[in-house]
Amino acid sequence: MISADCDLVRDDLDAFADGELRGGDLRRVAQHLEGCRSCADELDVRQSLGGLIRETATQYRPAVPRGLASGVVARIRAESAQSWRSVLRRSTEDWHWAIVGGGAVSATFVSALFCVALLIFGTATPAADSISTLGKNLRESPGAIYAEVSRQGASRQEVMLVQLETSAAPSGVYPAVFTRGDEERALVNALAETLASTGPLHDLSRLPADARRRAEWLLTTIARLRAAEPLVGPFGALQVHRLHLVTNTEVTAKGLTP
Amino acid sequence: MAAETSVKPIRVLAWPDAASADWALVQQCAAGEEDACTRLVTDHQRMVYQLALHLLGDPQEAQDLTQEVFLKVFRTLSQFRGQAALRTWIYRIVVNQASNRQRWWRRRKKSQQVALDDYAVTHGELPEARNFAMPDRVLQQHETADRVWEALNALPFDQRAVIVLREIDGLSYEEIATSLNVAVGTVKSRLARARESLRLRLMHS
């Protein structure tokens, strides 16, 4: 006859059979089993099932295959030999490669230092075919004359740069704001021709003696003429402070003959 | 003169000693000492092979699995922290690897059952069966073992794992829980279901 107690005990019957019950639970189940034939039979069934399984396992206990340990260790050894740590260790065992690698690194470092020194202490003068010189030359036309002018009585801060109209200057690039007489135009053209014949110049003192005397005479004559007839533009009478003449535009490139 | 009796003290291998011995062995293996690796395999190969055989039911598969398990053990030795016994840790690897292999089998629709006769073909007859005249008792044992073996292999993998670990390998509920990475309550319920299922199969076979 199965009672409510039996239901409770049977939940713990596996644990009892497996020796997993402790303390009060163990006593409760053991006491119940002493007085309950049905639960004791159930316990027998479970225990005999366990015994049957163990007996079967005993019969099905084949020998471990031979060479298992050596096979596993051999594979582990092979895997270990292929690992990156082993490869690194083997490569560092040969100092020859360490010397070669160190030399390569040192050479690279010295070369980098040399390049940096060249960049820092090398010549600062831009080359004739440098990008900046090229751009500067392309913006200027040979034979053009620019003048730094200001209104009569104005301060030096109001100086303007204007282009004088000459026969050599391309029209339309810089609209001329001053018109001069034929005499001054002829003088300016003669000056431009004198200066342009010797190539790009920035200083009259570098001209040959005869060319320098001619240029000075032309400039003096232009100045005298300008003093007699002041420039007249949209702002009234202007005072000329300095003249700039573009004597030549030279564009060269490596490998090409200018 | 009465003979003096002397008592020679015997060193008992207590659990902490076993744990530290395991730990030392693991450290030696991790350091790449081949002798230690060989000892680890030799000490545990029977346990691993038999568990693999009981879980998979096929000797060849069990042999392959045993190799895989030890390779896995050596590859993951650095993860062994000693919280569980080395044996339990290895059990866990065996069960996981066997479970993976079982899933792969299922995908390949390979039969999961191995009859005793197939086993005999690959591994020879059982010792009793080699007798020229097989007595009835032995014959009956043979048949019973065959039925139990088939019933065991017909169980779902998770139930088979708990029953094998408990009944054959004798692990406690807690050790089984650690090996399977489940709660002790889960171990109890799986054991109960496995035993009931086995009992029904054996009654009807």
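Me: What is the average pLDDT of chain B?
Reply: Chain B averages a pLDDT of 79, and 75% of the residues score at least 70. pLDDT is the predictor's confidence in each residue, on a scale from 0 to 100. This is a predicted model, in which local features need pLDDT of at least 70 and side-chain atom pairs count only at pLDDT 80 or more, while totals for chains, interfaces and linings use all residues. As for labels, residues are numbered from 1 along each chain as its sequence is written, and chains are lettered from A and ligands numbered from 1 in the order in which they are written.

Me: And what does chain A average in pLDDT?
Reply: Chain A comes out at an average of 72, with 51% of the residues scoring at least 70. For the complex, the predictor gives an ipTM of 0.71 and a pTM of 0.53.

Me: Why is A215(A) called buried?
Reply: A residue is buried if 20 or more other C-beta atoms lie within 10 Å of its own, exposed if 12 or fewer, and partly exposed in between, with C-beta atoms placed from the backbone. A215(A) has 20 other C-beta atoms within 10 Å, so A215(A) is buried. You'll find A215(A) in helix α10 of chain A, residues 209–228. Of the 258 residues of chain A, 14% count as buried; for the 205 residues of chain B the figure is 33%.

Me: Why is N181(B) exposed, then?
Reply: N181(B) has 10 C-beta neighbours inside 10 Å, so the count puts N181(B) in the exposed class. N181(B) sits in the loop between α8 and α9 of chain B. Another thing to look at is its phi: positive, about 60°, although N181(B) is not a glycine.

Me: Why is helix α8 of chain B said to be largely enclosed by the rest of the structure?
Reply: Seven of the eight residues of α8(B), residues 173–180, are buried, so the helix is largely enclosed. Among the buried ones are Y173(B), E175(B), I176(B) and L180(B).

Me: Why does the length of α4(A) agree with what a helix should span?
Reply: The expected span is 1.5 Å times one less than the number of residues. For the 23 residues of α4(A) that gives 33 Å, and the end C-alpha atoms are 33 Å apart, so the two agree. The buried residues of α4(A) are C39(A), R46(A), I53(A), T56(A) and A57(A).

Me: Why are α4(A) and α7(B) called roughly perpendicular?
Reply: Helix α4 of chain A (residues 37–59) and α7(B) pack at about 85°, with axes 9 Å apart. Axes are lines fitted to C-alpha atoms, for helices over the stretch in contact, and angles run from 0 to 180 degrees between N-to-C directions. Under 35 degrees counts as roughly parallel, over 145 as roughly antiparallel, 65 to 115 as roughly perpendicular and the rest as oblique. Therefore α4(A) and α7(B) are roughly perpendicular to each other. The contact is made by G50(A), I53(A), R54(A) and A57(A) on one side and I163(B), E167(B) and I168(B) on the other.

Me: How many residues of chain B are in contact with chain A?
Reply: 37 residues of chain B are in contact with 27 residues of chain A. Two residues are in contact if their C-beta atoms, placed from the backbone, lie within 7 Å. The largest share of the side of chain B that touches chain A, 11 residues, comes from α2(B). That side of chain B divides into 19 nonpolar, 11 polar and seven charged residues. Here Ala, Val, Leu, Ile, Met, Phe, Trp, Tyr, Cys and Pro count as nonpolar, Asp, Glu, Lys and Arg as charged, and the others, Gly among them, as polar.

Methods: Helices (H or I, at least four residues) and strands (E, at least two) are DSSP runs, numbered from the N terminus.
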